[in-house]
Amino acid sequence: MMLSGAELADVGFLGSLPEWARDALARDATRVHFAAGDYVARQHEKADAAHFLTDGSVQVFLRFEGTGDLLIERLTESRPTLGWSVFRPPYRYTASIRAETACSAVSIPRRSFQELFDS
């Protein structure tokens, strides 16, 4: 289901963008759902999308050699941005993000942001 730019006005920092920019991002934005325990992103994988949590909570983990995954944060605040790595080379997620509860998010591909920046 395609989202509108107006719907993105209530999603994370996207609300501060001009309407034309939200409309451009909305063309590729999708709603995604994660069950508790599903990974939103995995550390070191290619950062291909930013996710804007709209419901639920997530856990953020860092993996250390010989130690495994260490829980460093729980995100429960309203509408956090997940996957900031889409905005900065080398475009790899720097942490793993796992759904703590059933979650909903708006997902926007990295290429959509790049096209917006290029314009």
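Let's start with helix 3, where Ser112, Phe113 and Leu116 are buried. Looking down the axis of helix 3, you find these buried residues within an arc of 95°, so they line one face of the helix. That arc is taken from the directions that run from the helix axis to the C-beta atoms. The face turned away from the buried side carries the exposed residues Phe117 and Asp118. As for the words, buried means under 20% relative accessible area, exposed means over 50%, and partly exposed is in between, with a 1.4 Å probe and protein chains only. Helices (H or I, at least four residues) and strands (E, at least two) are DSSP runs, numbered from the N terminus.

A quick word on what you are looking at: this is a predicted model, in which local features need pLDDT of at least 70 and side-chain atom pairs count only at pLDDT 80 or more, while totals for chains, interfaces and linings use all residues. Residues are numbered from 1 along each chain as its sequence is written, and side-chain values use heavy atoms, with hydrogens and water left out.

Now for the rings. The structure holds seven aromatic pairs. One of them is formed by Phe13 and Trp84, which are stacked, at 5.4 Å centre to centre and with 20° between the planes. This pair links distant parts of the chain, 71 residues apart: Phe13 comes from the loop between helix 1 (5–8) and helix 2 (19–26), and Trp84 from the loop between strand 6 (81–82) and strand 7 (96–99). Here is how the pairs are called: rings of Phe, Tyr and Trp (its six-membered ring) pair if their centres lie within 6.5 Å, and planes under 30 degrees apart count as stacked, over 60 as edge-to-face and the rest as tilted. Phe13 counts as partly exposed because its relative accessibility is 30%, whereas Trp84, at 51%, counts as exposed.

Another pair is made by Phe87 and Phe117: the ring centres are 6.2 Å apart and the planes are at 45°, so the pair is tilted. Again the link is between distant parts of the chain, with Phe87 in the loop between strand 6 and strand 7 and Phe117 in helix 3 (residues 110–118), 30 residues apart. Phe87 has a relative accessible area of 26%, so it is partly exposed. Put together, ring pairs link Phe13, Phe52, Trp84, Phe87, Phe113 and Phe117 into a cluster.

The C-alpha atoms of Phe13 and Pro80 are 67 residues apart along the chain and separated by 8.6 Å. Phe87 and Trp20 are also 67 residues apart along the chain, with 20 Å between their C-alpha atoms.

Arg42 lies over the face of Tyr39, 3.8 Å from the ring centre, and Arg110 lies over the face of Tyr91, at 3.9 Å from the ring centre. A charge sits over a ring if NZ of Lys or CZ of Arg is within 6 Å of the ring centre and within 35 degrees of the ring normal.

Most residues other than glycine have a negative phi, and most peptide bonds are trans. Tyr91, though, has a positive phi of about 60° although it is not a glycine. This residue is found in the loop between strand 6 and strand 7 and is partly exposed, with a relative accessible area of 21%. In that loop you will also find Pro90, and a cis peptide bond, with omega of about 10°, joins Pro89 and Pro90. Elsewhere, His44 has a positive phi near 80°; it is found in the loop between strand 2 (39–41) and strand 3 (49–55), and is exposed, with a relative accessible area of 56%.
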